[in-house]
Amino acid sequence: MGRKIFMSFSNFDQRLEEKFEDFLQLGMGIRREDIFCTADRSALSTGVNFCEEIKKRMNQCDVIISLITETYLESRFCTGEAGAAYILGKRYFPLLMVPYSALNDTLLLGKEMRMLDNAYDLCAIYDELCDCNITGRISSAQFNRRMEEFLAFVEAWKGK
């Protein structure tokens, strides 16, 4: 059985991805086993063809989430995953950590985006994941506490 969420991110942003994945799990109630992420050392078996496994996992998932940073946009592999999300017609969540103007000359231009450093957008992402049956409703107190922690991390991460 495939995982519900495929996480696309630059390896240079692994700490951001880990914190967002924690927020998905602890703040939104998404089970760890429902997230495919190459940062998880157990996600890919030794000797497996990396590109073929990525292709297979993207085909199996319900939702693709891209953490779009400057390093994401500089990576051909990452932008290739964004293109694959478009071609596969999957429910796509491009989440920005760059100004919208940084998307000029990319296939992401014109797509509705959410900002990772914006509480309103994080609430919208949660609602949309609920609508996609990726997660069920959880305590608003739990969500809000974890969202505040994630937003504090993002602010520190931006100032790194």
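**Sheet, cores and selected residues of a predicted model**

**Sheet, cores and selected residues of a predicted model**

The model is predicted: local features need pLDDT of at least 70 and side-chain atom pairs count only at pLDDT 80 or more, while totals for chains, interfaces and linings use all residues. Residues are numbered from 1 along each chain as its sequence is written, and side-chain values use heavy atoms, with hydrogens and water left out.

Phe-20 and Ile-65 are the residues with the most contacts inside the largest nonpolar core, which has 31 residues. A nonpolar core is a set of buried Ala, Val, Leu, Ile, Met, Phe, Trp, Tyr and Cys residues joined through side-chain atoms within 4.5 Å. Buried means under 20% relative accessible area, exposed means over 50%, and partly exposed lies in between (1.4 Å probe, protein chains only). At least two residues of this core come from each of β1, α1, β3, β4, α5 and α6. Helices (H or I, at least four residues) and strands (E, at least two) are DSSP runs numbered from the N terminus. The largest share of the core, seven residues, is supplied by α6. Another core, of 17 residues, lies apart from it and includes Phe-6, Cys-61, Ala-82 and Tyr-92. In soluble globular proteins, nonpolar side chains tend to be buried together.

The sheet is open and consists of five strands in the order β2-β1-β3-β4-β5, with parallel pairing. Two strands pair if DSSP finds at least two bridges between them. The edge strands, β2 and β5 (114–115), each pair on one side only. Strand β1 (residues 5–8) is covered on both faces, with Ile-5 and Met-7 buried on one side and Phe-6 and Ser-8 buried on the other. Two bridges link β1 in the parallel sense to β2 (residues 35–36), where Phe-36 stands opposite Phe-6. Strand β3 (residues 63–68) runs parallel to β1 and is joined to it by four bridges. Strand β4 (residues 91–96) pairs with β5 in the parallel sense over two bridges, and Leu-96 stands opposite Met-115 of β5.

Helix α1 lies across β1, β2, β3 and β4, at about 140° to β3. Helix α4 (residues 76–88) also packs on the sheet, touching β1, β3 and β4, and its direction makes about 145° with that of β1. Axes are lines fitted to C-alpha atoms, for helices over the stretch in contact, and angles run from 0 to 180 degrees between N-to-C directions.

Ser-8, in strand β1, is buried at a relative accessible area of 0%. Ser-66 is its bridge partner in β3. The side chain of Ser-8 makes polar contacts with the side chains of Tyr-72, at 2.9 Å, and Glu-81, at 2.5 Å. A polar contact is a pair of N or O atoms within 3.5 Å; within protein, one must be able to donate a hydrogen and the other to accept it, and residues adjacent in sequence count only if both atoms are side-chain atoms.

Most residues other than glycine have a negative phi. Asp-105, which is not a glycine, has a positive phi of about 65°. Asp-105 is found in the loop between β4 and β5 and is exposed at 82% relative accessibility.

Technical notes. Contact means heavy atoms within 4.5 Å.
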